[in-house]
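Visitor: I have a chain on the screen and would like to go through it with you. Could you show it and take my questions as they come?

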Amino acid sequence: QVQVVESGGGLVQAGGSLRLSCTVSGASLGINVMGWDRQAPGKQRDFVASISSGGTPDYAGSLKGRFTISGDNDLNTGTLQMNSLEPDDTGIYYCYADVRTVVGMVHYWGQGTQVTVSS
């Protein structure tokens with residue numbers, strides 16, 4: 001059974017940094033993509049960043065330069081380094097993984113970790 005677990009959220013002042021971690025277990029056939037979305041209070045969930053099994057990162061345009069995504073070779077673990085945080089970065093951050101299975105690619109989500117940036 002595949003599980004995706006995030007950690008590292010918390011409260012930080014504007015201008016500060018946080019590092020989120022993601023661990024994927026049970027992906028015996030491998031992972032194609034690991035990524036992060038976030039959902040601010042009262043808003044839809046938005047893409048933050050992703051990284052492919054080949055190591056290619058992708059970012060939401062507005063976050064490029066402040067956020068850095070990384071992952072180990074098999075994407076079983078990954079991090080999202082967030083710098084120069086702003087109050088608008090507040091929200092629940094969800095890690096996801098596109099996992100190869102015998103029935104094809106399946107998208108798995110974690111439960112989310114809260115990030116709160118105070119002004």
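Visitor: In which strand is Thr113 found?

Guide: Thr113 belongs to strand S11, residues 113-118. Strands here are DSSP runs (E, at least two residues; helices are H or I, at least four), numbered from the N terminus. The model is a predicted one, in which local features need pLDDT of at least 70 and side-chain atom pairs count only at pLDDT 80 or more, while totals for chains, interfaces and linings use all residues. Residues are numbered from 1 along each chain as its sequence is written, and side-chain values use heavy atoms, with hydrogens and water left out.

Visitor: Is Thr113 buried or exposed?

Guide: Thr113 counts as buried because its relative accessibility is 12%. Buried means under 20% relative accessible area, exposed means over 50%, and partly exposed lies in between (1.4 Å probe, protein chains only).

Visitor: What lies 3.2 Å from a polar atom of its side chain?

Guide: That is the backbone nitrogen of Gly9. The pair is a polar contact, meaning N or O atoms within 3.5 Å; within protein, one must be able to donate a hydrogen and the other to accept it, and residues adjacent in sequence count only if both atoms are side-chain atoms. Setting aside neighbours within four places in sequence, Thr113 is in contact (heavy atoms within 4.5 Å) with Glu6, Ser7, Gly8, Gly9, Leu20, Gly91, Ile92 and Tyr93.

Visitor: Another threonine, then. Where is Thr90 found?

Guide: Thr90 sits in the loop between strand S8 (77-82) and strand S9 (91-101). Its relative accessibility is 17%, so Thr90 counts as buried.

Visitor: Which backbone atoms does the side chain of Thr90 meet?

Guide: A polar atom of the Thr90 side chain lies 2.9 Å from the backbone oxygen of Pro87. The side chain of Thr90 also reaches the backbone nitrogen of Val117, at 2.9 Å. Not counting residues up to four places away in sequence, Thr90 touches Ala40, Pro41, Gln114, Val115, Thr116 and Val117.

Visitor: Changing topic: how many salt bridges does the structure hold?

Guide: There are three salt bridges, each a side-chain nitrogen of Lys or Arg within 4 Å of a carboxyl oxygen of Asp or Glu. Side chains of opposite charge can pair when their charged atoms come close.

Visitor: What is the partner of Arg38, and at what distance?

Guide: Arg38 pairs with Asp89, the closest N and O atoms being 2.8 Å apart. Asp89 is buried, with a relative accessible area of 1%, and Arg38 is buried at 16%.

Visitor: And which residues pair with Arg66?

Guide: Arg66 forms a salt bridge with Asp89, with the closest N and O atoms 2.8 Å apart. That pair links distant parts of the chain, 23 residues apart: Arg66 is in the loop between S6 and S7, and Asp89 in the loop between S8 and S9. Arg66 also meets Glu86 in a salt bridge at 3.9 Å, N to O. Arg66 counts as buried at 14% relative accessibility, whereas Glu86, at 35%, is partly exposed.

Visitor: Which residues are linked in a network of salt bridges, then?

Guide: The network links Arg38, Arg66, Glu86 and Asp89.

Visitor: What about disulfides, how many does a search of the whole structure find?

Guide: The search finds one disulfide, defined as a pair of cysteine sulfur atoms within 2.5 Å. Cys22 and Cys95 form this link, their sulfur atoms 2.0 Å apart. The link is left-handed, with -85 degrees about the S-S bond. Cys22 in strand S3 (residues 18-25) and Cys95 in strand S9 are 73 residues apart, so distant parts of the chain are joined.

Visitor: Are those two cysteines buried or exposed?

Guide: Cys22 counts as buried at 1% relative accessibility, and Cys95 is buried at 0%.
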